[in-house]
Protein chains: 2
Amino acid sequence: MTRIAAVDVVDVRFPTSDALDGSDAMHPDPDYSAAYVVLRTDGRDADNPRRQGHGLAFTIGRGTEIVCKAVDALVPMVIGLDVDELSADLGRFSRMLAGDSQLRWIGPEKGAIHLAVAAVVNAAWDLRAKREGQPLWRLLAGLSPEAIVDLVDFTYLTDMVTPAAAVALLREQQPHRAERIAELEVTGYPAYTTSAGWLGYDDDKIRTLCREAIADGFNAIKMKVGANLDDDQRRAGLLRSELGPDRLLMTDANQRWDVGEAIEWMRALRPHDPYWIEEPTSPDDVLGHAAIARALAPMKVATGEHAHNRVMFKQLLQADAIGVCQIDACRLGGVNEVLAVLLMAAVAGVPVCPHAGGVGLCEYVSHLAPLDYIAVSGSLDGRMCEWADHLHEHFADPVSVSGGRYRLPSAPGYGITMRPESIEQFRFPDGPVWSERVSRG
Amino acid sequence: MTRIAAVDVVDVRFPTSDALDGSDAMHPDPDYSAAYVVLRTDGRDADNPRRQGHGLAFTIGRGTEIVCKAVDALVPMVIGLDVDELSADLGRFSRMLAGDSQLRWIGPEKGAIHLAVAAVVNAAWDLRAKREGQPLWRLLAGLSPEAIVDLVDFTYLTDMVTPAAAVALLREQQPHRAERIAELEVTGYPAYTTSAGWLGYDDDKIRTLCREAIADGFNAIKMKVGANLDDDQRRAGLLRSELGPDRLLMTDANQRWDVGEAIEWMRALRPHDPYWIEEPTSPDDVLGHAAIARALAPMKVATGEHAHNRVMFKQLLQADAIGVCQIDACRLGGVNEVLAVLLMAAVAGVPVCPHAGGVGLCEYVSHLAPLDYIAVSGSLDGRMCEWADHLHEHFADPVSVSGGRYRLPSAPGYGITMRPESIEQFRFPDGPVWSERVSRG
């Protein structure tokens, strides 16, 4: 019998604020970071990353240590578990972590403790997929509808979707799985890029990056908005003229506005034909998003990267508040809760366009987006997966994007295994990248 | 000039799970706990608790260390601040803490980081009130409408209430403040008790406690429900027969149900005439609460102890999801965010009945509930403040409840200063109460 022998957690931070990569209206200086988790077993060759479970929760600098502390609080529930039993019932595992009767008080299912749950649950999925020798998406795409539904916690969801309804939905898609896999092996999964439109970039850099993106095959580009309306209008005009009338321009306000302000601001940007406005206001404001969506239609409202659990997505879908559903692989409590949201979005007929970027998020969603098409929604209509070309060099199996499309991952696992030398170099505060900064003052 | 010289944070836990005090359907074994914060200045007599700012975030055991870690992350923003400047603009202070551009990622304004903000903001209010020689409620009741409104962050609220509308509302109440203070000095503020109805208590204990509560002057009692319908019916019948037809019986499910289940279960309890059902489902489910409220009217739906910020309360009020608004003094980000919710509840005409119990919550709300009457809502109609007779002996200025009524606090500060010997005895894991348990195994 193989057991979980240790759970390592490392605070890893990349000094991205130096170049204003990732700068937006609410987060002017992010240092892309992760609470990074490694599950080690007592089995053979346990120091080999290919035999460990790796997972991370994405953060942006300060506060990563809090998520690491939250992982520590989960460790006693994980140490000693039989890896086969764990792998056979990852639904129970994720419910156990999210449902601890004392820890849930500091959530429930939100904030630091839920980010920690995501990192650990995803690490357990990575371990299972590596042991089964399959990339995560293929492992999941090989499960029966009943097995997939067993992974999902339907608590609080049954007024929108029941386990029986979910099984029925998955059964309808099941006969088409193989042909869709074959299709994606050839075409890849459509992507859009955010790398061109960070708020901290100047116009020349934006123009250059936009032209490169179009040359690389992207037909959809997202820009950050919300700091200054004149700037936004100028940049939107610049991007629209580069994109031409047919490519998509998306906008992202990163929670900058009140409801009324969001409506006014985006009406002012309408001449540049934005396809969606993302995070127009507080991520908690379901009714606010719904009001904005009604006022701005047919422009779509998109949100999700800060929607902290399945109950928030349920309401966003019930209230017709979103036209685009942006799951986040580690804001939600890991693979299991992502499956819950994929199912609800399919029920509602709302396309899922995963949030990515940061560090590791593209690696995660390169598994989730194809899975949605293959087994859940069965559609590519209005679907595209975010892409930002940062920090992929730190991963053992970096995501592959070409021709504006994500290529299906082929390495076993969930793709999030970071190169040991990257972890060592960027660990905070003692890795050389940070200790040198401290000594420089 | 006096500055903040140090911020101490202590993990304090009381082993309440031994007696099943506080047991409910989702939290069977809480150890009432706190992330306890002390602001120390560089002024004279700085070791005297009466010259320090004390605040806490309430927790229930495991996870308190995570909130303490989150407080640590806020400390660099607090150390060195001029205490006079801080006291003069606590609105700016609370916005600074809640708005840190990196820390907000692990919220925003929810979970461990927001609990930490609450503890620190409340400690700053305690410091200000002690320096001004007034109990917090009286300090706030002495501020102009404009000064109160300046304390509130209206971000994301302006589709419900603007600063100008809030000033107008407060001005309308201002002429009545003195007479209401005089009234409450005599009558106290109405309370209800939860001490009788914990899920872990047997019928005899419930009956005895109910009779004692009635003898003590309480006309409203709350029971925990949601674990077993037969038990709930028997206990509700027992309590109703003790209470008679005119006293109020409230019920609290602590998030146990899905939406449909909540409606069915409470319909079954209707013969016992529950006045409200509290936390029937996920605290995040605004639309779910609204559906339950529509189905069960005229029974009221109450929630708030897990509503993590002002945006959640805004929606609960906008959607007519709650008939009773249960603010929590340290789930919300401290006094400032509580003021935001008091204002919105007054706009909506929904009575505020603060959540209390745990450890320190009664001490906190003994200031907030009277303030609501004196300066904001101007009404006692449907208002009552939760009371549970646990752990008050640990506070330097424990709350006083008699004749079923909270007495107005008179000691300077926010009432949350814990006795030094209690902190020493119950600090986790090194205080004697806990280290002895460890050594006993």
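Let me start with strand β4 (residues 189–197) of chain B, which is joined to β5(B) by 2 bridges, the two strands running parallel; strands pair here if DSSP finds at least two bridges between them, and the elements themselves are DSSP runs, helices being H or I of at least four residues and strands E of at least two, numbered from the N terminus. Within that pairing, B:T193 has B:I221 of β5(B) as its bridge partner. What you are looking at is a predicted model, in which local features need pLDDT of at least 70 and side-chain atom pairs count only at pLDDT 80 or more, while totals for chains, interfaces and linings use all residues. Residues are numbered from 1 along each chain as its sequence is written, and chains are lettered from A and ligands numbered from 1 in the order in which they are written.

Staying with β5 (residues 220–224) of chain B, 5 of its 5 residues are buried, where buried means that 20 or more other C-beta atoms lie within 10 Å of the residue's own, exposed means 12 or fewer, and partly exposed lies in between, with C-beta atoms placed from the backbone. In a regular strand the side chains alternate between the two faces of the sheet. In β5(B) both faces are covered, with B:A220, B:K222 and B:K224 on one side and B:I221 and B:M223 on the other. Strand β8 (residues 300–303) of chain B is likewise covered on both faces, by which I mean that B:K300 and B:A302 on one side and B:V301 and B:T303 on the other are all buried. That strand pairs in the parallel sense with β7 (residues 274–278) of chain B over 3 bridges, and B:A302 is the bridge partner of B:E278.

Now to a helix pair in chain A. Helices α9 (residues 203–215) and α10 (residues 229–243) of chain A pack at an angle of about 25°, with their axes 10 Å apart; the axes are lines fitted to C-alpha atoms over the stretch in contact, and angles run from 0 to 180 degrees between N-to-C directions. α9(A) and α10(A) are therefore roughly parallel to each other, since angles under 35 degrees count as roughly parallel. On the α9(A) side the contact involves A:D203, A:I206, A:R207, A:C210 and A:R211, which meet A:R235, A:L238, A:L239 and A:E242 in α10(A), contact meaning C-beta atoms, placed from the backbone, within 7 Å. These contact residues divide into 4 nonpolar, no polar and 5 charged, where Ala, Val, Leu, Ile, Met, Phe, Trp, Tyr, Cys and Pro count as nonpolar, Asp, Glu, Lys and Arg as charged, and the others, Gly among them, as polar.

For the backbone, which residues have a positive phi although not a glycine? A:D320, at about 50°, sits in the loop between α13 and β9 (324–325) of chain A and is partly exposed, with 15 other C-beta atoms within 10 Å. B:Y156, at about 75°, lies in the loop between α6 (145–150) and α7 (163–173) of chain B and is buried, with 23 other C-beta atoms within 10 Å. There are cis peptide bonds too: one joins A:G107 and A:P108, with omega about -10°, and another runs from A:F428 to A:P429, with omega near 0°.

Finally, the contact between the chains takes 51 residues from chain A and 51 residues from chain B. On the side of chain A that touches chain B, α1(A) gives the most, with 6 residues.

Methods
Two residues are in contact if their C-beta atoms, placed from the backbone, lie within 7 Å. Angles under 35 degrees count as roughly parallel, over 145 as roughly antiparallel, 65 to 115 as roughly perpendicular and the rest as oblique.
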